[in-house]
Amino acid sequence: ASSLPADQTSVSLVRFITAIMIQRCAGKLEAGNYVLSFGFLLIAICVQDALVSAPFNLFHSQETGENKRRYHGSVLVQVVLLGLLTSFCFGVAWWIGKYFGSSWGLNSALGALAVATPFVLLREFARRVEFARLRPGIALCVDAASGLLQLLFLWFLYRWDLFQVMGVYLATGASCAIATFVWLLVAYRGNDFHSKSVAKEFHRHWIVGRLPFLALLVGLLHLQSVVWIVGWLIDPATAGIFGYCNYIIFLVNPVALGVCNSLFPLAVQTFRQSGISQVRNLIGVAMTGMGIAICLFAIVVYCFSDLILLTVMKDTSYEGRGLLMFLLGINMALSVVNMMNDQGVWAIERPQWLLRSTLLTVGLTLLCAIPLTQQFGLIGAAMSLILGRVVGVTYQSALFFTSSMTLPKAKQTIVSTEPERKRQHTKISVVTPTLNAARFLSTCLESVQSQTTESVEVQHLILDGGSSDGTLALTSGYPVTLVPRQPGMSLVDAICLGFDEADGDLIVFLGADDLFLPGALDAVAQTYQREQRDILFCRTRWVDDELKSLGELAPTPRWLSARAHATLGWCYMAASATFIGAELYRKLGGFDRSYLKSSDYEFYTRILEMKIPFSTVNCPVSLYRRHDGNESLKRDSSYWRDCRKVLETFAPKRPFVNGLLGWMLKGWIYARNPKWSYHQLTRKLRSGTLRG
C-alpha cells in the first residue's frame, strides 16, 4: 500500500510532462486536442477497471492450483479482447471523422488511440494485478519502465520535429507495450485458459462490476464533459487552458489514491469487526482531514497561480487564472472527500449509492455547465463542476452517515461463520420502572415479549411506584416479574433496585414509554456471545408520540474519552440501547445514587475513564419516545448540579480546554447524526436555550 502514492505519482508526472511538452512544442491547439482526446482513453481504462481489474482483486485469491492458472489466463484474454474492442471503436471514430472532414488534429489523435489503447490497457492491467498480489514494487517497476521509455520516445519526437498528439499516443503505446511484454514474460507466465472459462469468468466479472462500471463511466463525465463543453462553446485551445490548469491541481490526486488504497481494506476490516458506527468514524476523520488539506493547497495555488503557470507554461495567456485554479482546487477537495466516502460505501457493500450520487453529480453539472460557461467562461465551467459535486457528496454522505442498517443485514455481519454450531444461550434482564404509564405500557410489554427466541431468554422486571391509572392491570397475561417498590422512591433508586434484582447475563433499562425493535435482543445476544464484552452500546431511534422518527443516535465511538464525554453536558449513551453485564455492574458498585437525574451519565463516564472494552451493535435496537412527560426533558437544578459534578470529577481542570472538547464533540455528534441533530436544535430553539 505504501508504494501506491509513488506508483500513481509516476503516472501523473509523466502525463503532466507530456502535456507541457505538447503545449510548448506543438502549440495550444494541439494541447486542446490532447486534453479532449485523452478523455476517451480514460473511458476505456475505467471500463477495464470496473469489469476486469476490480473483480480480479476479489476473485484471484479464491482460486488455487490449476483453477488459478486458468482463471489468470482467462482474465488476460478478457483484457486483450477489451483492448481490441476499444481499438475497433476508435478506428471507426477515426474513419467517421476522416469521412466528414473533422479537425485533423483531433481525428489523428483518435487514429493513434486505436493503435495505442490496447497496450495502455495491458499496462493498467499489469499494475492492478501486482497490487492484487500484494507486490506493489513490481507495479512501480512497470510504471517506471513505461514512463521512462515514454519520455525517451518523446525526446526523439522533439529532436526529429515530429511532436504532435498522434506521435505522443504512438509513443505512449510503444512504451506500454515494451514494459508490459517484459512483465508478461517475467511475472505473468505459466497461465492457461479455455474458451468456456473465458465466457464464465466474464459473466462472473460482469455480475460484480456492472454497477461500479456504470458509476465510473458516468463519473468520468463529470470533468471530461465540461472540458468538451468548453471546447464546443469556446474553442479547443481554451479547453486546453482549462485542462492544463486542472492538471496542476490534479497532482494531489496520487496522494488521495494512496490514502484510499490503505483506507479501503481498513474500512472493510473495521466494519467486520466493530460495525458500521466505527466505519463512519474512520471515514469521517479521513474526509475531514483530506478535505482541509486540499482546501489549503487550493489557497496556496490561488496565491501563487501566476508564478506557477507562467513558470510551467511560458505563455502569458495563462496569466490571471488564480480564481479558476482556486475553484478547480475546491472541486478537487470535494472530489477527494467523495473518494474517502466511497471507501466506506464499498466497505458496507452499498455500490448502488455510488451510482446514484454519481448520476446526481453529473446530471447537475451538465445542467449548469452550458449556461454558466456561456455567461462566465472558464469560471462558470468550474462553478458547474463544484455545484454538481456538492450535491453528489451531500447525497452520498447523508446516505452513509444516516441510513440505518436493517436488522437482517446486521445479522449477516455478526452471525457466526459456523452456522451449524448451536449458539449459546443468553439471558437479558429488562428493567422498567412505572408510574401511571398506562398510556404506553402495552406497546412496551408487547415489544419485550416478542424478543424471546431459542437463544435469548428475556426477564422483564416491572417496578411500579403506586400507579392509579390501571398500569398494573395491563401487565396481567404477560410473563413479567413484579418487583415491590416503595411509593415516592426516586427513579434512580427504582432503577438500582431493578438492576439488583435482575439475574440475567445482561441488564438494560427500558422506559415504559419506549420499546424494542423486532429482533433487537437477538442481535445484541449474538454480538455479546461473539465478542464476550460486558458493555454493549447500540444505535437507538428517537421517535415522537406517534412513533414518527426524529432521527437516530449512533453508538458510542471507540475513541470517546471520559474527559470529552464529561464536557458534553449530557449523557450520549441511550439507556434503552445500552446493555451492561450483571457481574460488571455489581463489580463497579452500580449507579451512584447521589446523582438524582444523571446517574447513567456518571456511570458510563466512569466506564470510559476505566477504559473498559465495549462492543457496538450498528443497527437501531430501541425506540426512545420523546414527549412532554419525559423525565429526561426536565432540566431542573438537580440535573445541572449532576452535570457539574460529572464535569468536575472527570473533565480537565482548565475551562478553555473543557469548552473546546465539548464543542468539538458536539460538532461531531451533529455531523454524525444530522436528522437527530436537526430535531434537537429545533427543540432547543423553541425552548429558548441551546444549553445542554
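Me: Which helix holds W94?
Reply: This is a predicted model: local features need pLDDT of at least 70, side-chain atom pairs count only at pLDDT 80 or more, and totals for chains, interfaces and linings use all residues. Residues are numbered from 1 along each chain as its sequence is written, and side-chain values use heavy atoms, without hydrogens and water. Helices are DSSP runs of H or I with at least four residues, strands are DSSP runs of E with at least two, and both are numbered from the N terminus. By that count, W94 is found in helix α2 (residues 65-100).

Me: Is W94 buried, partly exposed or exposed?
Reply: Buried means under 20% relative accessible area, exposed means over 50%, and partly exposed lies in between, with a 1.4 Å probe and protein chains only. The relative accessible area of W94 is 33%, so W94 counts as partly exposed.

Me: What accessible area does the nonpolar surface patch with W94 have?
Reply: A patch takes residues with over 30% relative accessible area and no salt bridge, joining like charges within 9 Å and nonpolar side chains (Val, Leu, Ile, Met, Phe, Trp, Tyr) within 5 Å. The areas come from the Shrake-Rupley method with a 1.4 Å probe, and for residues only the protein chains shown count as cover. The members are L85, F88, V92, W94, W95, I96 and Y99. Together their accessible area is about 760 Å².

Me: Which residues touch the most other members of the largest nonpolar core?
Reply: A nonpolar core is a set of buried Ala, Val, Leu, Ile, Met, Phe, Trp, Tyr and Cys residues joined through side-chain atoms within 4.5 Å. The largest one has 92 residues, and the members touching the most others are W183 and F242.

Me: What share of the chain's contacts with a separation of 6 or more joins residues 24 or more positions apart?
Reply: The chain has 23 helices and 9 strands, and 55% of its 692 residues count as buried. A contact means heavy atoms within 4.5 Å. Among contacts with a separation of 6 or more, residues 24 or more positions apart account for 80%.

Me: How far apart are the end C-alpha atoms of α17?
Reply: The expected span of a helix is 1.5 Å times one less than its number of residues. Helix α17 (residues 520-531) has 12 residues, so it should span 16 Å, and the model agrees, with an end-to-end C-alpha distance of 17 Å.

Me: How many residues of α17 are buried, and which residue just after the helix takes a positive phi?
Reply: Helix α17 is mostly covered, with 11 of its 12 residues buried. Among the buried ones are L521, V524 and Y528. The residue just after α17, with a positive phi of about 55°, is Q532.

Me: What is the closest N and O distance between E531 and R530?
Reply: A salt bridge is a side-chain nitrogen of Lys or Arg within 4 Å of a carboxyl oxygen of Asp or Glu. E531 counts as buried at 19% relative accessibility, and R530 as partly exposed at 36%. Their closest N and O atoms are apart by 2.3 Å.

Me: How many residues apart in sequence are the parts that D503 and K427 tie together?
Reply: The side chains of D503 and K427 meet in a salt bridge of 2.8 Å, N to O. D503 lies in the loop between α16 (491-501) and β4 (506-509) and K427 in strand β1 (residues 426-434), so the separation in sequence is 76 residues.

Me: Where does D545, the salt-bridge partner of R439, lie?
Reply: The side chains of R439 and D545 meet at 2.8 Å, N to O. The pair links distant parts of the chain, 106 residues apart, with R439 in the loop between β1 and α15 (441-449) and D545 in the loop between β6 and β7.

Me: What phi does K611 have?
Reply: K611 lies in the loop between α20 (599-609) and β9 (615-625). K611 is exposed, with a relative accessible area of 71%. Its phi is positive although the residue is not glycine, near 55°.
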